[in-house]
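This briefing is meant to be read with the sequence and the 3D model side by side. Please look through both before going on to the points below.

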Amino acid sequence: MANPGTVPLGGLVHAQLKDRVYAFLREAIIAGEFPIGSALRENDITARLGVSKTPVREAFVRLEKDRLLELVPYTGAVVAGYTDDDLREFYEMRELVEGACARMAALNCSDDFARRLQENVDSSVSACELSDDAMVVKLFEEFDALIYEQST
């Protein structure tokens, strides 16, 4: 029986405990539950998950290999941020994916798609002129969604 305040690690019944702890922590880090730079205390995690230190330590090592944590001597585990190289790789990958999607969208262009894309561009120009940053972000996301939709 779990202690009050602990997080149940059900679901993957046949997975080893260390794998379940790893999966839980990985998802929590990715979801932003543990912000970049925050320290993960072994004792806090063991109490929260209701597990011993061994699966937590093993999960920390795996998360460090995934570059989601940094194990700092005398400090413990710290949620890793992005390096300049990471950001450069992300943008290079995004450039490749977006270029491929745009190429496919152009090859499959319909009149309806061209109209919706032009409406998005016109709205984006207006939002930029009005300095409506929130609307610009929304319209850019819609633009990406239109390209992706047309490329599939």
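Is the crossing of α4 and α6 left-handed or right-handed? In this model, which is predicted, the crossing of α4 and α6 is left-handed.

**Helices α4 and α6**

- Two packed helices are described by the angle between their axes and the distance between the axes.
- For α4 and α6, the angle is about 60 degrees, and the axes lie 7 Å apart.
- An angle from 65 to 115 degrees would count as roughly perpendicular and one under 35 degrees as roughly parallel, and α4 and α6 are therefore described as oblique to each other.
- On the α4 side, the residues that meet α6 are Arg 94, Glu 98, Cys 101, Ala 102, Met 104 and Ala 105, while α6 contributes Asp 144, Ile 147, Tyr 148, Gln 150 and Ser 151.
- Sorted by class, the residues in this contact of α4 with α6 comprise 6 nonpolar, 2 polar and 3 charged.

**Gln 150, a residue of α6**

- Gln 150 belongs to helix α6, and its relative accessible area is 13%, which means that Gln 150 is buried, since the cut-off for that word is under 20%.
- Although Gln 150 and Ala 105 are 45 residues apart in sequence, their C-alpha atoms are 4.8 Å apart in space.
- When neighbours within four places in sequence are left aside, Gln 150 is in contact with Met 104, Ala 105, Asn 108, Cys 109, Ser 110 and Phe 113.

**Helices α2 and α3**

- Helix α2 covers residues 42-49 and helix α3 covers residues 53-65, and the two pack at an angle of about 120 degrees with their axes 9 Å apart.
- That angle makes α2 oblique to α3, and the crossing of these two helices is right-handed.
- The contact brings together Glu 42, Asn 43, Ile 45 and Thr 46 of α2 with Lys 53, Val 56, Arg 57 and Phe 60 of α3.
- By class, the residues of this contact of α2 with α3 are 3 nonpolar, 2 polar and 3 charged.

**Helices α1 and α3**

- Helix α3 also packs with helix α1, which spans residues 17-30, at an angle of about 55 degrees and with the axes 8 Å apart.
- α1 and α3 are therefore oblique to each other, and α1 passes α3 in a right-handed crossing.
- In α1, the residues that take part are Leu 17, Lys 18, Asp 19, Val 21, Tyr 22, Leu 25, Arg 26 and Ile 29, and in α3 they are Pro 55, Val 56, Glu 58, Ala 59, Phe 60, Arg 62 and Leu 63.
- The contact of α1 with α3 holds 10 nonpolar residues and 5 charged ones, with no polar residues.

**Salt bridges**

- The side chains of Asp 144 and Arg 94 form one of them, with 3.4 Å from N to O.
- This pair links distant parts of the chain, for Asp 144 lies in helix α6 (residues 133-151) and Arg 94 in helix α4 (residues 84-107), 50 residues apart.
- Asp 144 is partly exposed at a relative accessible area of 33%, and Arg 94 is also partly exposed, at 41%.
- Another salt bridge joins the side chains of Arg 116 and Glu 149, at 2.7 Å from N to O.
- Because Arg 116 lies in helix α5 (residues 111-129) and Glu 149 in helix α6, this pair ties together parts that are 33 residues apart in sequence.
- Arg 116 has a relative accessible area of 24% and is partly exposed, as is Glu 149 at 44%.
- Arg 116 and Glu 149 also belong to a network of salt bridges that links them with Asp 112, Arg 115 and Glu 119.
- Within helix α6, the side chains of Lys 138 and Glu 142 meet in a salt bridge of 2.7 Å, N to O.
- Lys 138 and Glu 142 are 4 residues apart in that helix, so about one helical turn separates them.
- Lys 138 is partly exposed at 43%, and Glu 142 is partly exposed at 32%.

Terms used
Residues numbered from 1 in each chain as written. Predicted model: local features only at pLDDT ≥ 70, side-chain atom pairs only at ≥ 80, totals over all residues. Heavy atoms only, no water. Salt bridge = Lys/Arg side-chain N within 4 Å of Asp/Glu carboxyl O. Buried < 20%, exposed > 50% of the residue type's maximum accessible area, 1.4 Å probe, protein only. Axes fitted to C-alpha atoms, helices over the stretch in contact; angles between N-to-C directions. Parallel < 35°, antiparallel > 145°, perpendicular 65-115°, else oblique. Left-handed = near helix turned anticlockwise from the far one by under 90°. Contact = heavy atoms within 4.5 Å. Nonpolar A, V, L, I, M, F, W, Y, C, P; charged D, E, K, R; others polar.
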